[in-house]
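Here are my notes for you to read alongside the model.

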Amino acid sequence: MTQLENKHCVPCEGAAAPMAPDELQRQLSSLPEWRVVDDSGTPKLVRVFTFKDFQTALDFTVKVGQLAESEGHHPALLTEWGKVTVSWWTHAIGGIHLNDVIMASKTEKLD
């Protein structure tokens, strides 16, 4: 498998299809900490990162935000004391696209 963190997001519009479940599972084999979560009918890639305190969690949140800006693809971020929940999905298609798997892989490298 190619290294996802070396790929970049491509523009994705509503005509694109969400990733097929078997392909998604194949791609996620290299991202064992990430889970597919159904959020009111929308599948999302979700991972909770844990930290020693709020400041470290906040610093990580900023890094994810900077990564998102550089790729033009943005997650939902929930920053709490000692943890950050990162959720990737593609709003335009209401599901998970290869871009989301790429971003999850890049997020792993920030931790």
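1. Strands pair here if DSSP finds at least two bridges between them. Strands are DSSP runs of E with at least two residues, helices are runs of H or I with at least four residues, and both are numbered from the N terminus. Across the pairing, R35 faces V46 of β2. A word on the source: this is a predicted model, in which local features need pLDDT of at least 70 and side-chain atom pairs count only at pLDDT 80 or more, whereas totals for chains, interfaces and linings use all residues. Residues are numbered from 1 along each chain as its sequence is written, and side-chain values use heavy atoms, with hydrogens and water left out.

2. Please look at the turn next. The hairpin of β1 and β2 has 2 residues between its strands. S40 belongs to the loop between β1 and β2, and its phi is positive, about 55°, although S40 is not a glycine. For background, most residues other than glycine have a negative phi. S40 is exposed because its relative accessibility is 74%; the cut-offs are over 50% relative accessible area for exposed, under 20% for buried and partly exposed in between, with a 1.4 Å probe and protein chains only.

3. For the overall layout, the protein has 3 helices and 4 strands, which follow one another from the N terminus as α-β-β-α-β-β-α. Of its 111 residues, 41% count as buried. Among contacts with a separation of 6 or more, 67% come from residues 24 or more positions apart.

4. Which residues have the most contacts inside the largest nonpolar core? They are L24, W34, L45, F60, V86, W88 and V101, in a core of 20 residues. α1 (21-28), β2, α2, β4 (83-88) and α3 (98-110) each supply at least two residues of this core, and α2 gives the largest share, 5 residues. A nonpolar core is a set of buried Ala, Val, Leu, Ile, Met, Phe, Trp, Tyr and Cys residues joined through side-chain atoms within 4.5 Å.

5. The aromatic side chains deserve a careful look. The whole structure holds 3 aromatic pairs, where rings of Phe, Tyr and Trp (its six-membered ring) pair if their centres lie within 6.5 Å; planes under 30 degrees apart count as stacked, over 60 as edge-to-face and the rest as tilted. F49 and F60 are a tilted pair because their planes meet at 45°, with ring centres 4.7 Å apart. This pair links distant parts of the chain, with F49 in β2 (residues 42-50) and F60 in α2 (residues 54-71), 11 residues apart. F49 is buried at 0% relative accessible area, and F60 is buried at 3%. F51 and F60 make a tilted pair as well, 5.1 Å centre to centre with 40° between the planes; F51 is buried at 16%. W34, F49, F51 and F60 form one aromatic cluster.

6. Where do charged side chains sit over rings? The charged end of R47 is over the ring of F49, 4.0 Å from its centre, and K44 lies over the face of W89, 3.6 Å from the ring centre. The criterion is NZ of Lys or CZ of Arg within 6 Å of the ring centre and within 35 degrees of the ring normal.

7. Lastly, a look at N99, which lies in helix α3. N99 is buried, with a relative accessible area of 3%. N99 and W89 are 10 residues apart along the chain, and 8.3 Å separates their C-alpha atoms.

Terms used. Contact means heavy atoms within 4.5 Å.
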